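Me: I am new to reading protein models, and I would like to go through one slowly, feature by feature. Could you show me what to look at and in which order?

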Amino acid sequence: NRATQALRQPGSSIKPFVYAVALEHDFTPASIVDDSPVSMMGGDGKMWTPENYERDFLGPQPIRRGIELSRNLMTIHLAQKVGIKPITQGIINFGVTDSMPNEMSMVLGAGEVNPYRLVDAYAMFVNGGYKVKPHMISEVEDRNGHVVYKADERTCPSACTAAFDGLESPRLPQIGAPVLDPITAYQMNSFLQGVTIRGTAAAARSLGFPIGGKTGTTNDFRSAWFVGFSADVVAGVFVGFDDNRSLG
C-alpha cells in the first residue's frame with residue numbers, strides 16, 4: 001500500500017516542519033536569513049555543496065520568502081542557526097517519522113517518509129497545533145443502521161440537540177495532543193498559503209478558493225509531492241516509480 005507503507009524521500013515537502021521548529025526557537029516570519037552558497041563535510045568524508053533548484057542566489061531574504069520559493073540554501077542556513085538536533089527531534093515529535101539522523105541533508109528531505117504520516121502531520125497547521133488521529137474507516141454500521149464504530153471520538157454537548165438560543169453555536173471539545181504552539185500553527189498556515197499565492201505552487205490559485213500547501217521534488221526527479229489543505233480537507237499527492245527511477 002503506497003499510501004501507508006511506501007517509504008520515499010519527501011524533498012522540499014519536509015521544509016514546513018523545519019520552519020515550524022525555527023518559529024518555536026524565536027525566529028519570526030520577518031527574520032532575515034541569507035540565501036548564499038554553503039559547503040560542509042558530509043558523513044562520507046566528502047564535501048557536500050547543496051544548490052537551489054534554480055541554481056542561483058538571492059542574498060538576504062525574510063524566511064517567509066524562503067519557504068514560498070523553496071530555497072534550499074536558506075533552509076540550510078536557517079537549520080544551522082537553529083541547530084540540527086532540535087529540528088530532527090521536532091520532526092519526530094510532529095509524527096512525521098519515528099527516527100531521523102542528525103544530518104543537515106534531512107532538512108532538504110533526504111530522509112524517508114510515507115504519504116499517510118506526512119499528510120497527517122500537515123493537519124496540525126490547520127488544526128491549531130493539535131495532533132490529528134488519522135483513520136481509514138470513518139464509520140461502521142450494522143445491518144439495522146446502528147453505528148457500532150465511529151472514528152470521530154468527539155462528543156457533542158447537549159447544546160447540539162437543544163433549540164438554538166441565538167447566542168452562540170455549540171463548541172466541540174478539542175481532541176488530540178498539542179504538538180505545536182497555536183501562534184506558530186497560524187504563522188505556518190499563512191506561510192503555506194503564501195506558497196500557493198506567490199510561490200512554487202502558485203498554479204493552485206486556479207482552484208479559485210483559499211488553500212495552502214507545499215511542493216516537493218527530489219534529486220533527479222525521482223519523486224514529486226504536493227501536500228496541501230483547505231479549511232476542511234488536508235490532502236497529499238505523491239508521484240514516483242516503485243523502483244525509484246527518474247520521472248524524466
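Me: To begin with the chain as a whole, what share of the 248 residues in the chain is buried?

Reply: Please keep in mind that this is a predicted model. A residue is called buried when its relative accessible area is under 20%, and in this chain such residues make up 41% of the 248. The accessible surface of the chain comes to about 13,700 Å², and 53% of that surface belongs to carbon and sulfur atoms.

Me: How many helices and strands are there in the chain, and how compact is the chain for its length?

Reply: The chain holds six helices and nine strands. Its radius of gyration is 20 Å, close to the 18 Å that the globule rule gives for 248 residues, so the chain is as compact as a globular protein of that length. Along its principal axes, the C-alpha trace spans about 65 × 45 × 35 Å. As for contacts between residues at least 6 apart in sequence, 62% of them join residues at least 24 apart.

Me: Where does Asp-35 lie, and is Asp-35 buried or exposed?

Reply: Asp-35 belongs to strand S1, which covers residues 32-35. Because its relative accessible area is 1%, Asp-35 counts as buried. Its side chain makes a polar contact with the side chain of Asn-52, at 3.0 Å. Leaving aside neighbours within four places in sequence, Asp-35 is in contact with several residues, including Asp-56, Phe-57, Arg-71, Leu-73 and Met-74.

Me: How should I read salt bridges, and how many does the structure hold?

Reply: The general idea is that side chains of opposite charge can pair when their charged atoms come close. The structure holds 13 salt bridges. One of them joins Arg-2 and Asp-242, with the closest N and O atoms 2.6 Å apart. This pair links distant parts of the chain, since Arg-2 sits in the segment before helix H1 and Asp-242 in the segment after S9, 240 residues apart. Arg-2 and Asp-242 are both exposed.

Me: Which residue forms a salt bridge with Lys-150?

Reply: The partner of Lys-150 is Glu-139, and the closest N and O atoms of the two are 2.9 Å apart. Lys-150 lies in strand S6 and Glu-139 in strand S5, so the pair ties together parts that are eleven residues apart in sequence. Lys-150 counts as partly exposed because its relative accessibility is 47%, and Glu-139 counts as partly exposed at 34%.

Me: Finally, which residues form a nonpolar patch on the surface?

Reply: The patch is formed by Tyr-53, Phe-221, Val-237, Val-239, Phe-241 and Leu-247, which together have about 530 Å² of accessible area. Phe-241 lies in the segment after strand S9, and because its relative accessibility is 31%, Phe-241 counts as partly exposed.

Key: Residues are numbered from 1 along each chain as its sequence is written. This is a predicted model: local features need pLDDT of at least 70, side-chain atom pairs count only at pLDDT 80 or more; totals for chains, interfaces and linings use all residues. Side-chain values use heavy atoms; hydrogens and water are left out. Helices (H or I, at least four residues) and strands (E, at least two) are DSSP runs, numbered from the N terminus. Buried means under 20% relative accessible area, exposed over 50%, partly exposed in between (1.4 Å probe, protein chains only). A polar contact is a pair of N or O atoms within 3.5 Å; within protein, one must be able to donate a hydrogen and the other to accept it, and residues adjacent in sequence count only if both atoms are side-chain atoms. Contact means heavy atoms within 4.5 Å. Patches are made of residues with over 30% relative accessible area and no salt bridge: like charges are joined within 9 Å, nonpolar side chains (Val, Leu, Ile, Met, Phe, Trp, Tyr) within 5 Å. Accessible areas come from the Shrake-Rupley method with a 1.4 Å probe; for residues, only the protein chains shown count as cover. A salt bridge is a side-chain nitrogen of Lys or Arg within 4 Å of a carboxyl oxygen of Asp or Glu. The radius of gyration is taken over C-alpha atoms; the globule rule is 2.2 Å times the number of residues to the power 0.38.
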